Structures are given as C-alpha cells and as structure tokens.
Amino acid sequence: MTLTRTAPPRSVARPDPPKQRAWLYRFDTKRAPYLLIAPFFLFFAVFGLFPIIFNGIVALRNWRLDDPDKDGWAGFANFEKLLTDTDFWNALGNTFGIFLLSTIPQLLLALMIANLLNRKLRGTTFWRIGVLLPYVTPAAASTLLFSVFFARDNGMANWLLSLVGFGQENPLDWRADKWSSWIAIATMVNWKWIGYNALLYLSAMQSIPKDVYEAAAVDGAGPQRQLWQITVPMIQPVVIFTVVLSTIGGLQLFNEPMLFDSNPTSASGGSDGQFQTIAQLIYQVGWKNLNLGYAAAMSWALFLIILIVAGLNALLTNRLGGGRR
Amino acid sequence: MTSTTHAAPRRKRSLAEISRAPSESRGTWKTYLLLTIVLLVSAFPIYWMFVIASSTEEAVSKVPPSVIPGAQLLANLREVFTLQNVYFTASLINSFIVASVVTASVLFFCSLAGFAFAKLRFKGRNALMVVVILTLTVPNQLGVVALYILMGKLGWNGTLLAVIAPGLVTAFGVFYMRQFIMHAVPDELVESARMDGALTLRVYWSIVLPAIRPALAVLGLLTFVATWNDFQWPLITLNGTEFPTSMVALSDLASGNYVIYRRVLAGAFAATVPLLVLLLIGGRQIVRGIMEGALK
C-alpha cells in the first residue's frame, strides 16, 4: 500500500516528566484497545445477548403480565403446549407459505434486474437509486398503501382483474382466504426487497473477472446461458448470503401481515388467522393475551426453526450451484 | 425508432461480441425499457400514496382508480396532525430523536471498536472479532419478550429510552467499520503517530476519523433508515402511550372501526417523505453501502 497521506500528525509530545509520560504511554498501549471495544460489548451484552438468553428462562416459567403472582417454574409445560397448539401450527404454515411465495420470486427477479444493471448504462447511479425506492419506504407505510390496492371494493388489484374478465360481479376479498392473502402479503414483501437484493447481486457480478466470460464464449455460450452457467455460479456465495438473509427476515415477518389486517392492533392475522405469522402470534400471545412465558417459548421455537431452515437453505443453494465444497 | 441491429440474425454475433463480459457490453433499448418498467413499479406505490393523500374520500373509491393527485394534501395532513389520541406530530419528532441518537451512537461506538479491531494489537482480538461476526447473524427480534421484561425492571417501557437503548450499537457497524478502516487507514500512519507519542484516542480523532468520513456517511444513512422504519419493538413498548414513533402512530391511524384512507395515507406519506429526502441526498452512499456489504 502506498502512503499517500504523508503529512505527519501534529506532534503531541508535551514537556511532561518523561517517567509519567512513559507510564501513560504503556498504559495506553495495553488498555486502550479494550476501552475502545468495551462500549460495544457492554451495550450488546445488556440489550442484545442477555434478552435472548433470559428469554430461555422466561420460557421455562409461568410469566403473566396480568397475574404477576402466578409465577414459578413451569418446566417444559410451555413447550409441550406448543406441540398441540393449533394456532401455532397454523401460524407456522402461514409463515412458510408467505415465505416461499416471497423469497423465490424475489431472488429470481433480483437476479434478472441485477443482470440488466450489469451493463454499460447511461445514468448508472440513477437506476441504482431508483430500485432502492421500496427499500427506504417504511414497510408500515407501503403496507397501508397495498391495503388499498388489495381492497375488496374498488381496489386497484380487483379492477385490474376485472379488465381481464375476473370477478366482476363477485369481487375477490383478498384478506378472506389463505391463498389470496398470502399472495397479497408476498407481493408487498417482494416489492420491498427485490431492488435491495438486486444490488447485492450486482455488486458480486461486478467482481467476476472478465476473462471468465472470454473463456466461455469460445465454447459458444449465448447471453442467457452466460447468466445461468457463468454468472450465477460465480456469485454463488452472495446467492447463499441472500438466501440466508431472506430466511432470517422472512420467517420473522411481522409488519406486512400486521398492517394488512383490517384491524391492525388486534394482531389476529385476518378474521380466522388465515395470514397470522409466528412473529404476529408471539405479539398476540405476549401482549394481547398477556402470557409472556408462552410467548418466550414460541420465540425459542422460532429461533430453532430459523437456524434449521437457514442452514438447510444454505446447504441446498450450495448443492444446486454445483456443490463445490 | 429505426433499428437495423434488430433485423440482424442472431447468429451473426461476432465472437468478440459474445466473449465480452456483460458489464462490458452496452445496454440496448430493451435493457432501458425493462429498467424503466422496474423503476415505474418501484415508484408507483409511493406516487399513489401521494395521490390518495391529496384526494377527497370519494376520489379514493372511484373506479377506475384515480391516478392524478388531488388538491387536498394540506387539508388531509392538517387533519392527521391535529388528530386526538394519535399524537402524529409528536411521533414524527420522536422518530427523529430516536433515529438521530441511534445513528450518532452507532457511528461513534462502532467506529471506535472497528478501529481497535482493524489497527490495534491486543490479546484476544481475533477471538473477540469472531464473537462480533457470530452475533451478526443473531436475530435479536427473538429476544423481545425478555427485552420487555428488562425494560420493565429499568422502568423504561413506554419511553423513547426503551427504543433507543437496543439500537445503540450493531455488530454490522463494527464489522463494516473494521473492513473500511483496514483499507482506508495505512498502518504506517498509525505507527508513526504512535512513535510521536500520540495516544490511541488522539490517533482515532486526528487520523482515523478524517479518513473514514465516507464510511460514516454510508453507515449513518443505513442506520437512520433502518431505525426510522423499525416497527415491532416500538409497537410493543410504546403502544398506547403519548410517545409513539411515527410507525406506531401509523398503526393507530389505521386501526379502529372506520378507517379513512385519505387520512391514513396522508400519514403514511408524511412518514415516508423524510426517507425519500435522504435517498435523494445520500442515494449514492446508500447504494454503495449495500453493494459493499455484499462483498464482505
């Protein structure tokens, strides 16, 4: 590395007594690094790590907000209750359904858009900033807009459907069924995250060495094959990264199903829980039913599920991409 | 548009043309057309938010839907801002306070730690860095129940402190700063300053900070946007109080038996505008931050 900044920093050597100065200097060399990292680890330990561990203890106890006297160890009762709780399994199914409907199109479309952006373009920055509009828009705000879009009466989605001849006399109630509410919610999630993922892919694409393409062209690969046989395998680490990111985010989905509800603060995910996700159920159990112990157990279950699914997805993506390693 | 290349048979692509990496080839009219569609789809919901926010209630339920802004924006906004029990005006201020404090704190503490990890030698450095990297993947949303109990013990539930405290530092911030400082600050510079007797904080202040301004801008923007948009935890701790953030206030606005869309979306639009302004000013940095994050 060449040293471009040659101006030396202003000397701070003051006429201290040399002995004291040397002590301070030694102390600084030894201790200062720890002082610099201490705030991070302190805050993180208190507000990040501790809650997650303490969550495990709460899950093993009776802990109700409305009845503080009724506490004490519950053993695994909260976890046993989970196994037979139809609400939990319903929410789990919804979460996975919405997750699949949002992740797969999201990443595929992001790949296509990244491929478009990976050209010599006029106004490079303009396009890149443009695809980030949904990313900066608060999910709460955009979901409220999409609620109007997917309204049963006079909604734009139904109007578009009617243009192609669907549901003119019987407009579709998007919130009423599992499949339709899942599609609506997945649409919102896709809208928000496609551009962001496209930029992640674009960044990886730009670091592919150019001669890789030259070598492949001799074998006669066209642009389409180029994308799938060269570009995608070359950016595989980032693809795995985005798959893991969307798994972590998607399985904790909260904002969109929450505000898509016609009565958001109820957290019920539709009249019959048809689009209630686990994160929503945790909120409902904890702060509507006031059963924190049970909500904590659900959080742990969700944590485990995320770990497993993220791991499996990473493995699967690795395999699909040719499975080096 | 007359296009002669259009008629050319596909086969005739020269070898030189195919062998070019995609990033070396010029975008065709098709590329621009598709990108324009992407851009329209990205922008339309925000535009439509503005349309409804500026319309009368009748215009909202028109079929086909109206896509031309009305003249009621100020009237609708005034209604939202003066609404009882939603505290919308206060909520915008609260969001500003929370996002600014969190951003300043993340920038300061994460750059300090990032500097230590990148340039200083100390025992346990590598092990501690591994801890930081591991914590990157822990979704701390999963600790909300215990966090709520903790905040209850501290007496902070229902106050902005409860929202600010968990955001004060991020593992991503430390990681990002470390990567940047490793490359942006030459070792020789740090060492020669140390030779001159500069203490660590002095080095941070006069050498590291000036060199990492671009990274501070990037991390600051990403942090501000994420904090502003945070919904779940603020909802849990602030709901029903007089100090909501704007996202919590929005959910109040959209609840109830009778939802007035022009009002809800006027609120949604008001809560989105600050971020659109940020994107306008710092879009370049936000793009850079996301793209650099991918390579790590």
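Reader: What distance separates the centres of domain 1 of chain B and domain 2 of chain B?

Author: The model is predicted. In it, the C-alpha centres of domain 1 of chain B and domain 2 of chain B are 31 Å apart. Domain 1 covers 4–80 of chain B, and domain 2 covers 86–294.

Reader: How many residues does each domain of chain B give to the contact?

Author: Domain 1 of chain B gives 14 residues and domain 2 of chain B gives 13. A pair counts when its C-beta atoms, placed from the backbone, lie within 7 Å.

Reader: Which elements give two or more residues to the side of domain 1 of chain B that touches domain 2 of chain B?

Author: They are helix 3 (29–53), helix 4 (57–60) and helix 5 (73–81) of chain B. Helix 3 of chain B gives the most, with five residues. By class, this side of domain 1 of chain B has eight nonpolar, four polar and two charged residues.

Reader: Why is chain B called more spread out than a compact globule?

Author: For 296 residues the globule rule gives 19 Å, and chain B has a radius of gyration of 25 Å. That is well over the rule, so chain B is more spread out than a compact globule. Its C-alpha trace spans about 75 × 75 × 30 Å along the principal axes. Chain B has 16 helices and zero strands.

Reader: What percentage of the residues in each chain is buried?

Author: The test is 20 or more other C-beta atoms within 10 Å of a residue's own. In chain B, 48% of the 296 residues count as buried. In chain A, buried residues make up 44% of 325.

Reader: What makes helix 13 of chain B "mostly covered"?

Author: Of its 17 residues, 12 are buried. Among them are B:Leu219, B:Leu222, B:Phe224 and B:Trp228.

Reader: How do you know that the length of helix 13 of chain B agrees with its residue count?

Author: Helix 13 (residues 213–229) of chain B has 17 residues, and at 1.5 Å a residue they should span 24 Å. The end C-alpha atoms are 24 Å apart, which agrees.

Reader: How many residues does each chain give to the contact between chain A and chain B?

Author: Chain B gives 95 residues and chain A gives 93. Helix 16 (residues 261–294) of chain B gives the most to the chain B side, with 17 residues. That side of chain B divides into 67 nonpolar, 21 polar and seven charged residues.

Reader: Where in chain A is confidence lowest by element, and where highest?

Author: Helix 9 (residues 211–218) of chain A is lowest, at a mean pLDDT of 74. Helix 5 (residues 133–136) of chain A is highest, at 96. Over chain A the mean pLDDT is 86, and 91% of its residues reach 70 or more.

Key
Residues are numbered from 1 along each chain as its sequence is written. Chains are lettered from A and ligands numbered from 1 in the order in which they are written. This is a predicted model: local features need pLDDT of at least 70, side-chain atom pairs count only at pLDDT 80 or more; totals for chains, interfaces and linings use all residues. Domain bounds come from an automatic or database domain assignment. Two residues are in contact if their C-beta atoms, placed from the backbone, lie within 7 Å. Helices (H or I, at least four residues) and strands (E, at least two) are DSSP runs, numbered from the N terminus. Ala, Val, Leu, Ile, Met, Phe, Trp, Tyr, Cys and Pro count as nonpolar, Asp, Glu, Lys and Arg as charged, and the others, Gly among them, as polar. The radius of gyration is taken over C-alpha atoms; the globule rule is 2.2 Å times the number of residues to the power 0.38. pLDDT is the predictor's confidence in each residue, from 0 to 100. The expected span of a helix is 1.5 Å times one less than its number of residues.
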